[in-house]
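Dear colleague,

Please find below the structure that I am handing over to you.

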Amino acid sequence: MRPVHILIIAAVILVLGVIIFPIVNRRQFRNLPPEQQVRILMKEAKGLAYFKNVAKGGKGTLFYVKNKRKILAFPWVLIDGKMVCIRKNPFEKWDYPEEQQPLNDDELAQIKQEIENFNKKNPVKIVFNNKK
């Protein structure tokens, strides 16, 4: 093989790995049923607090995963460059596990702190209409 052929093959592999495969993976994740999304989120979670934003156009859901066991979902719409949460009581109860336990004061304080950290790191901020 000539060096040109090797460079072309390397470029194709790079384009597939960096651009095409991540796009396909995101699309597949959005189309999964919620139960499977929860399983994937729990496996993906790194550390004690993990955020995953699943967006499609001007709307989406920001998932907060705590200790790889509890998940809180914040559905949002994009308004004036901010993700505005459209859930009435976003800090009322956990979305997963199914028992939907209410948040205690310590968890609420920790989640608010993690959201502040998330907003500092990301250019598009999430905002809430009803803050407790």
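With which residue does E107 form a salt bridge, and how far apart are the closest N and O atoms? The partner is K66, and the closest N and O atoms are 3.6 Å apart. Please bear in mind throughout that this is a predicted model.

**The salt bridges**

The pair of E107 and K66 brings together distant parts of the chain, since E107 belongs to helix α3 and K66 to strand β2, 41 residues apart. Both E107 and K66 are buried. E107 also meets K70 in a salt bridge, with 2.8 Å from N to O. Here, too, distant parts of the chain are linked: K70 is in strand β3 and E107 in helix α3, 37 residues apart. Like E107, K70 is buried.

In the whole structure, four salt bridges are found. One further pair is that of D95 and R87, whose closest N and O atoms are 2.9 Å apart. D95 counts as partly exposed, because its relative accessibility is 27%, between the limits of 20% and 50%.

**The sheet**

Strands β2 and β3 run antiparallel and are joined by eight bridges. Within this pairing, Y64 has L72 in β3 as its bridge partner. The hairpin of β2 and β3 has three residues between the strands, and N67 takes a positive phi near 55° in it.

Strands β3 and β4 are likewise antiparallel, over four bridges, and I79 stands opposite K82 in β4. Their hairpin has two residues between the strands. D80, which lies in the loop between β3 and β4, has a phi near 55°, a positive value in a residue other than glycine. D80 counts as exposed because its relative accessibility is 78%, over the limit of 50%.

**The nonpolar cores**

The largest nonpolar core has 17 residues, of which L72, F74, F91, I111, I115 and I126 touch the most other members. Two or more residues come from each of β2 (59-66), β3 (70-79), β4 (82-85) and α3 (105-121). Helix α3 gives the most, with four residues.

Apart from neighbours within four places in sequence, F74 is in contact with G60, T61, L62, Y64, C85, P90, F91, I111, I115, I126 and F128. A second, separate core has 11 residues, including F29, M42, A45 and V65.

I126 also has a contact of another kind to note. Not counting residues up to four places away in sequence, N119 touches K125 and I126. N119 is placed in helix α3 and counts as buried because its relative accessibility is 16%, under the limit of 20%.

**The surface patch**

A nonpolar patch on the surface is formed by V4, I8, V12, L14, V15, L16, V18, I19, I20, F21, I23 and V24, which together have about 1000 Å² of accessible area. One of its residues, I23, lies in helix α1 (residues 3-31). I23 counts as partly exposed because its relative accessibility is 39%.

**The loop between β4 and α3**

Two backbone features remain to be reported. Y96 and P97 are joined by a cis peptide bond, with omega about 10°, and P97 is placed in the loop between β4 and α3. Q100 is found in the loop between β4 and α3 as well. The phi of Q100 is near 50°, a positive value in a residue other than glycine. Q100 counts as partly exposed because its relative accessibility is 33%.

With kind regards

Terms used
Residues are numbered from 1 along each chain as its sequence is written. This is a predicted model: local features need pLDDT of at least 70, side-chain atom pairs count only at pLDDT 80 or more; totals for chains, interfaces and linings use all residues. Side-chain values use heavy atoms; hydrogens and water are left out. A nonpolar core is a set of buried Ala, Val, Leu, Ile, Met, Phe, Trp, Tyr and Cys residues joined through side-chain atoms within 4.5 Å. Buried means under 20% relative accessible area, exposed over 50%, partly exposed in between (1.4 Å probe, protein chains only). Contact means heavy atoms within 4.5 Å. Patches are made of residues with over 30% relative accessible area and no salt bridge: like charges are joined within 9 Å, nonpolar side chains (Val, Leu, Ile, Met, Phe, Trp, Tyr) within 5 Å. Accessible areas come from the Shrake-Rupley method with a 1.4 Å probe; for residues, only the protein chains shown count as cover. A salt bridge is a side-chain nitrogen of Lys or Arg within 4 Å of a carboxyl oxygen of Asp or Glu. Two strands pair if DSSP finds at least two bridges between them.
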